[in-house]
Amino acid sequence: MSPVSPSRVRFRAGGGTGPKTGRRSLLVTSAVLLSLAATGPAALAAPSPTASPTATPPARMSTVGGARLGMPGTQVDLAPGVPVLPKDLTALSWMVSDAESGEVLAAHNAHWRLPPASTLKMLFADTVLPRFPKGTRHKVVPSDLTGVGAGSSVVGIKEGHAYSVHDLWLGVFLRSGNDAVHVLSAMNGGVAQTVRDMRDHAGELRAQDTHVVSPDGYDEPGQVSSAYDLTLFARSGLQKKDFRDYCATVSATFGDAEIRNTNRLLSGDTDVPVYQGIAGVKNGNTTHAGATFTGVAERGGKVLLVTVMNPQKHEHNEVYKESAKLFDWGFQAAGKVKPVGELVPPRSVAPNSAAPSPGASPQPASGAGGTGSRPVASSAAGTGSGVGTALAVAGGLLVLLGGGVFLINRRWPLPDLMRRRSRP
């Protein structure tokens, strides 16, 4: 089959095809121009436009997190007792990390700037989610949905209907709804403002490979991220209870219908069983990005993050199959393999502060994981009707203020129902 010309047909973030509309182009152009005006030289220094990734990674990449992470190819220290990596991995880029310590256990082209698809919604959520209490209701007007073209991945938002912020986030996390992203962006001051906010937050997280053009992850020239940065977004988002609740939700009621999470390691599929201990995070799929995925799972007291970008083996659910293999390897290798890098803390966390004393109680740091410019919603998050129950507040993923260490609590309680699921 001959390849589809990206100028004729595009996948929207999250999947689906359709002709690109003129109003989408006008909206994105407007957002880019406003963002350039606001950010000046910093925006001009963004990564060059990427229409589609080449088969070869750059010879030089970012070294954030360690020099080896900037090297092309697979980086791992295989010592006696360390299992070998799966031999049939085809992704252009991937990374396995310890979510608690921040150690990178293994990586492949970790800093390769590639189209991210809907995994970029993790940055969108980490940026915008704290700004609106989940009980807030918003009546959708036509301008809220401007730029959501035919073929977009949508949850089915209707003009003239009122939706709670809680329901909108369910639409973002479960159905990767670009319509929900656009409504929340409108509430946040518009797409251009949201793009600026996401860029600022990416800078705070030291995600230097990422350049945001659209908040929904849609393929746009210059919109790129990396396996390393997507892992940073996931780790930052998981500091927030609401984020954990939403990304762990398997199914929920939206309007008159039930929606189900499109993360197949969480919800399962005919050829992909539910992964034991999985608790999120986000998947994506577009023409130029291919399939992308970042997941978090716990087993045997270890919490791992796995990011996979654009498997070259084009089989059904391949991104989940390769992710599961990397999770399996990570859980076997954890504690045995020497790390090849680290996940850096946000800029606002002092890197040279003394470690907290043993037994010190973790407390959330002001502004950690966000801009700190707007209040954090205080109400507890619900999880709809699905089996993805809310993660408990106590022992959650917190920033340790005493000493400024960005850590994940080792006693993080994943949902009991997920713990009891065994992988066939």
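Which loop holds A99? A99 sits in the loop between β4 (91-98) and β5 (103-108).

## Model and overall make-up

This is a predicted model, in which local features need pLDDT of at least 70, side-chain atom pairs count only at pLDDT 80 or more, and totals for chains, interfaces and linings use all residues. Residues are numbered from 1 along each chain as its sequence is written, and side-chain values use heavy atoms, with hydrogens and water left out.

The chain has 11 helices and 15 strands. Both are DSSP runs numbered from the N terminus: helices are H or I with at least four residues, strands are E with at least two. Of the 424 residues in the chain, 57% are buried. Buried means under 20% relative accessible area, exposed means over 50%, and partly exposed lies in between (1.4 Å probe, protein chains only). Contacts are heavy atoms within 4.5 Å. Among the chain's contacts with a separation of 6 or more, 72% come from residues 24 or more positions apart.

## Helix α3 and its burial

Helix α3 covers residues 121-128. It is mostly covered, with 8 of its 8 residues buried. They are K121, M122, L123, F124, A125, D126, T127 and V128.

Packing angles run from 0 to 180 degrees between N-to-C directions, and the axes are lines fitted to C-alpha atoms, for helices over the stretch in contact.

## α3 against α6

On the α3 side, the contact uses L123, F124, D126, T127 and V128; on the α6 side, T194, D197, M198, H201 and A202. These residues divide into 5 nonpolar, 3 polar and 2 charged. Here Ala, Val, Leu, Ile, Met, Phe, Trp, Tyr, Cys and Pro count as nonpolar, Asp, Glu, Lys and Arg as charged, and the others, Gly among them, as polar.

A crossing is left-handed if the near helix is turned anticlockwise from the far one by less than a right angle, and right-handed if clockwise. M122, L123 and D126 of α3 touch L230, F233, A234, S236 and G237 of α7. The classes are 5 nonpolar, 2 polar and 1 charged.

The crossing of α3 and α4 is left-handed. K121, F124, A125 and V128 of α3 make the contact with W169, V172 and F173 of α4. By class, it has 6 nonpolar, no polar and 1 charged residues.

Helix α5 (residues 178-187) is largely enclosed by the rest of the structure, because 9 of its 10 residues are buried. The buried residues are N178, D179, A180, V181, H182, V183, L184, S185 and M187. Just after α5, G189 has a positive phi of about 110 degrees.

D242 belongs to helix α8 (residues 241-247). D242 is buried, at a relative accessible area of 9%. Its side chain makes a polar contact of 3.3 Å with that of K134. A polar contact is a pair of N or O atoms within 3.5 Å; within protein, one must be able to donate a hydrogen and the other to accept it, and residues adjacent in sequence count only if both atoms are side-chain atoms.

## Buried loop residues

A99 is buried at 1% relative accessibility. A99 and V306 are 207 residues apart in sequence but 9.3 Å apart in space, C-alpha to C-alpha.

L69 lies in the loop between α2 (41-44) and β3 (74-75). L69 is buried, with a relative accessible area of 1%. Not counting residues up to four places away in sequence, L69 touches S62, V64, V104, A107, A110, H111, Y228, V340, G341 and E342.

## Backbone exceptions

Most residues other than glycine have a negative phi, and most peptide bonds are trans. A117 has a positive phi of about 55 degrees. It lies in the loop between β5 and α3 and is buried at 0% relative accessibility. N310, in strand β12 (residues 302-311), has a positive phi near 60 degrees. N310 is buried at 9% relative accessible area.

A cis peptide bond joins G280 and V281, with omega about 25 degrees. V281 is in strand β10 (residues 278-286).
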